[in-house]
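Subject: Model and notes on its charged side chains

Hello,

Here is the structure we talked about. My notes on its charged side chains follow below.

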Amino acid sequence: MSGAALGLEIVFVFFLALFLLHRYGDFKKQHRLVIVATLLAWYLCFLIVFILPLDVSTTIYNRCKLAVNSSPAESNGSYVTLAPSKQKCFKPWSYIPNGIMPIFWRVVYWTSQFLTWILLPFMQSYARSGGFSITGKIKTALIENAIYYGTYLLIFGAFLIYVAVNPNFNLQWNQLQTIGIAAANTWGLFLLVLLLGYGLVEIPRSHWNGAKRGYLLMKTYFKAAKLMTEKADAEENLEDIMEEVRKVSESIKYNHPLRKCVDTILKKCPSEYQERMGRNMDDYEDFDERQNSYPSEKNLVKLHKQVIYSVQRHRRTQVQWQILLEQAFYLEDVAKNETSATRQFVHTFHSQEPENKIIRYFYTPTVEWYWECLLRPWFYRVLAVVLATFSVIVVWSECTFFSTKPVLSLFAVFIQLAEKTYNYIYIEMACFLTIFFLSICVYSTVFRIRVFNYYYLASHHQTDAYSLLFSGMLFCRLTPPLCLNFLGLTHMDATISHKDTQPTAYTSIMGSMRVLSFIADGFYIYYPMLVVILCIATYFSLGTRCLNLLGFQQFMGDSEMTSDLIDEGKELIRREKRKRQRQEEGENRRREWKELYGNRDDSTRNRVVHTDQKESSFSETNTNRPLSKYTRSNGRTERDRIELLQDAEPLDFNADSINDDPLELDSGR
């Protein structure tokens, strides 16, 4: 089993990162380099989280071997036996041979740092660029990142000059490397505590509120009102941009040098706008014959960038609106079915997606009723209590992990108790649950936050390339300090435990933080205590209240603006529900008419053709008059039936006025 666990986790984490990226990104429409770079960033960060528990168990086993080698011992097969105490050092099932983990961590860490500080910022600018060629996009990206890279180079150069001039400093290359790592981890730890303080409170609270049906429905109405405003703004913005594109397309003719740029812009427009603009594109007159003012290439690059952004935003709001409607309809169905006497879940609308027969076989309407109306609220409450308990343990350990005598960090207590018995399964499970919960609190906040329309991770393949790359940058900057914080909570970091023991392979590549004592003994220890203040602020929703005062609508139960938006959203959902009901009624009526007259198509056509032949052959005789009347009647029936089936909208018999058919008037006369 040596190294098998490492290989299995590497494969599993890859598919996990691929699944999440498929949920948020669009493999078909987005550039392959964007997909590959984001996938690599997510994969490396998730890999660190999953592999670190194996590093901890391997380190504990190596410490045991060192303790055995320093005392009389006997070797017996796969374990070592201490002579005095007869204590056994079993080799863990997930043991990784010496020399593999340091190389592995070095490759993973420096690759992630290269991505977050050099490659991903450059690709962000490249993805947002409106250039029409690769060279133009690279040039734009270099110009935009010149200040970004120049600032870091200036700081690093000033530091090197200071070290070279000052005789008190005699730093070697490995110490400079440690200082660079410490600077990156300090920046990441600063952001980590902010996100962690929010997630420790918001995740248990969101699951507790998930058990409240009325709360979820009111919040859905609130989201519907906000999303409708954003949707209308996106449609208006797209109309304005498309109007500007139309003017540019009409002014720049086919033989203009910039026509290729215009064609590139038109390809990014929605299909309905392309068809509308294509109707007026048959003018081949020479652009030099008329003295018009044409836009420059710089203006076209700006317009291209605006088109990409507006189309992406419009598509995203449309998809999110449909998803929100389905969620609102489902929550309303749950509220109605709670009082059902039959205890079978009844949907107002049928699912638009094809149903899986296997799932429907086990997840019957009765099972769905018991889960949605009875079991699910209690499951969410129990889960919220468990998550809240974990949050309290994390907050306590963050405030006390610097104490080694006595050991106050609960995570360190759990690991040390398991280390005494060398229960590696327990050690790995405890480490995995701890770092997994910390990662969920941090990463879920990254997925939830939204910086206007600048950064926003939207599910169902609606995240733009810039936001995907930005999330990769955040993950690569947050994961290393998150792992160091976890090792500090469990006292596996020698800097925290103050013990002369073998460090983990992950800590060894970070170098000794004693080079910067004010960071190792000050910032790394006392700054995480601020998580208490952030948790209190999140519990009382201070950030939400501040945003609400600034004019950004936030969901608050005691706000008049929130009540108004809830009422507005309820009316929007009711209107969309009536619209969908009318559509389904129309489809049902069309289906009924097709079933009623569908079997008569062939017979009616044959009768009409046979009668027409008779009518042409015996037109001069008097016996054809009854037959011609019969033929006109059949032709009239066929025509009425075809017009009824081809009608785009069903006839509304509840309308105030009904338009008469001209054929009916003629027949009456």
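Buried means under 20% relative accessible area, exposed means over 50%, and partly exposed lies in between (1.4 Å probe, protein chains only). This is a predicted model, in which local features need pLDDT of at least 70 and side-chain atom pairs count only at pLDDT 80 or more, while totals for chains, interfaces and linings use all residues. Residues are numbered from 1 along each chain as its sequence is written, and side-chain values use heavy atoms, with hydrogens and water left out.

The structure holds 13 salt bridges, a salt bridge being a side-chain nitrogen of Lys or Arg within 4 Å of a carboxyl oxygen of Asp or Glu. Helices below are DSSP runs of H or I with at least four residues, numbered from the N terminus.

One of the bridges joins R246 to E250, at 2.9 Å from N to O. The two are four residues apart in helix α6 (residues 213–251), about one helical turn. R246 is partly exposed at 28%, and E250 is partly exposed at 31%.

D263 and R259 form another, with the closest N and O atoms 3.2 Å apart. Both lie in helix α7 (residues 259–268), four residues apart. D263 is partly exposed at 31% relative accessibility, whereas R259 is buried at 4%.

E326 pairs with R580 in a salt bridge, the closest N and O atoms being 2.8 Å apart. E326 is in helix α9 (residues 297–337) and R580 in helix α20, so the bridge ties together parts 254 residues apart in sequence. E326 is partly exposed at 35%; R580 is buried at 11%.

Regards
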